Amino acid sequence: MRAARMLGAAMGAAALVGTSFVVAGPAAAAGCTAKALETVVIRSTTSTSGTALAQLNKGESAPASCTMYYGTSSYEKCGIVSKRWVKVTRSGVTGYVVGTCVLTNET
């Protein structure tokens with residue numbers, strides 16, 4: 001119950017400041033890889049209006065954070081409505097891709 005209360009408080013604080021909400025993955029995770037199910041734009045922020053930095057083409061993989069990021073507004077991509085984003089690095093560029101169009105695996 002305490003964890004649920006802490007999570008609720010964190011979500012409320014994120015909503016108040018209007019920034020992304022982050023949920024940490026397992027502390028022992030070595031890293032993750034994101035494979036694009038469709039071509040996705042790597043953006044500067046967790047928003048579809050964030051600056052486009054690069055793209056990850058369908059079938060390509062890139063190193064990714066094992067942490068889930070949540071933007072403040074929903075998007076509809078790959079047939080799913082969500083706020084989930086994945087942080088990836090490709091060719092030295094780090095940014096965020098929509099989480100509904102990538103498959104993330106722990107490495």
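Buried means under 20% relative accessible area, exposed means over 50%, and partly exposed lies in between, with a 1.4 Å probe and protein chains only. By this rule Tyr96 is buried, with a relative accessible area of 15%. The structure is a predicted model, in which local features need pLDDT of at least 70, side-chain atom pairs count only at pLDDT 80 or more, and totals for chains, interfaces and linings use all residues. Residues are numbered from 1 along each chain as its sequence is written, and side-chain values use heavy atoms, with hydrogens and water left out. Helices (H or I, at least four residues) and strands (E, at least two) are DSSP runs, numbered from the N terminus.

**Disulfides**

- A disulfide is a covalent bond between the sulfur atoms of two cysteines. It is assigned here to a pair of cysteine sulfur atoms within 2.5 Å.
- The structure holds 2 disulfides. With the bonded cysteines numbered in sequence order, the pairing is 1-2, 3-4.
- Cys32 belongs to strand 2 (residues 32–36) and Cys66 to the loop between strand 5 (61–64) and strand 6 (68–77), so the bond ties together parts that are 34 residues apart in sequence.
- The link of Cys32 and Cys66 is right-handed, with 115° about the S-S bond. Cys32 is buried at a relative accessible area of 9%, whereas Cys66 is partly exposed at 22%.
- A disulfide also joins Cys78 to Cys101, with an S to S distance of 1.9 Å. Cys78 lies in the loop between strand 6 and strand 7 (80–90), and Cys101 in the loop between strand 8 (93–98) and strand 9 (102–106), so this pair ties together parts that are 23 residues apart in sequence.
- The torsion about the S-S bond of Cys78 and Cys101 is about 120°, so this disulfide is right-handed. Cys78 is partly exposed, with a relative accessible area of 36%, while Cys101 is buried, with 3%.

**Nonpolar core**

- A nonpolar core is a set of buried Ala, Val, Leu, Ile, Met, Phe, Trp, Tyr and Cys residues joined through side-chain atoms within 4.5 Å.
- The largest nonpolar core has 18 residues, of which Val40, Val86, Val88 and Val97 touch the most other members. Two or more residues of this core come from each of strand 2, strand 3 (40–43), strand 5, strand 6, strand 7 and strand 8.
- Contact means heavy atoms within 4.5 Å. Apart from its neighbours within four places in sequence, Val88 is in contact with Ala34, Ile42, Ala62, Pro63, Ala64, Val93, Thr94, Gly95 and Val97.

**Aromatic pairs**

- A pair of aromatic rings is described by the distance of the centres and the angle of the planes. Rings of Phe, Tyr and Trp (its six-membered ring) pair if their centres lie within 6.5 Å; planes under 30 degrees apart count as stacked, over 60 as edge-to-face and the rest as tilted.
- A search of the whole structure finds 2 aromatic pairs. Tyr69 and Tyr96 form an edge-to-face pair, at 5.3 Å centre to centre and 70° between the planes.
- This pair links distant parts of the chain, with Tyr69 in strand 6 and Tyr96 in strand 8, 27 residues apart. Tyr69 is buried, with a relative accessible area of 11%.
- Tyr75 and Trp85 also form an edge-to-face pair, at 5.2 Å centre to centre and 65° between the planes. Tyr75 in strand 6 and Trp85 in strand 7 are 10 residues apart, and their pair links distant parts of the chain.
- Tyr75 is buried at 5% relative accessibility, and Trp85 is buried at 1%.

- A salt bridge is a side-chain nitrogen of Lys or Arg within 4 Å of a carboxyl oxygen of Asp or Glu. A search of the whole structure finds 1 salt bridge.
- The side chains of Arg90 and Glu60 meet in a salt bridge at 3.3 Å, N to O. Arg90 lies in strand 7 and Glu60 in the loop between strand 4 and strand 5, so the pair ties together parts that are 30 residues apart in sequence.
- Arg90 is partly exposed, with a relative accessible area of 25%, and Glu60 is partly exposed, with 25%.
- Lys58 lies in the loop between strand 4 (52–56) and strand 5, and Lys58 is exposed, with a relative accessible area of 56%.
- Apart from its neighbours within four places in sequence, Lys58 is in contact with Ala36, Leu37, Glu38 and Thr39.
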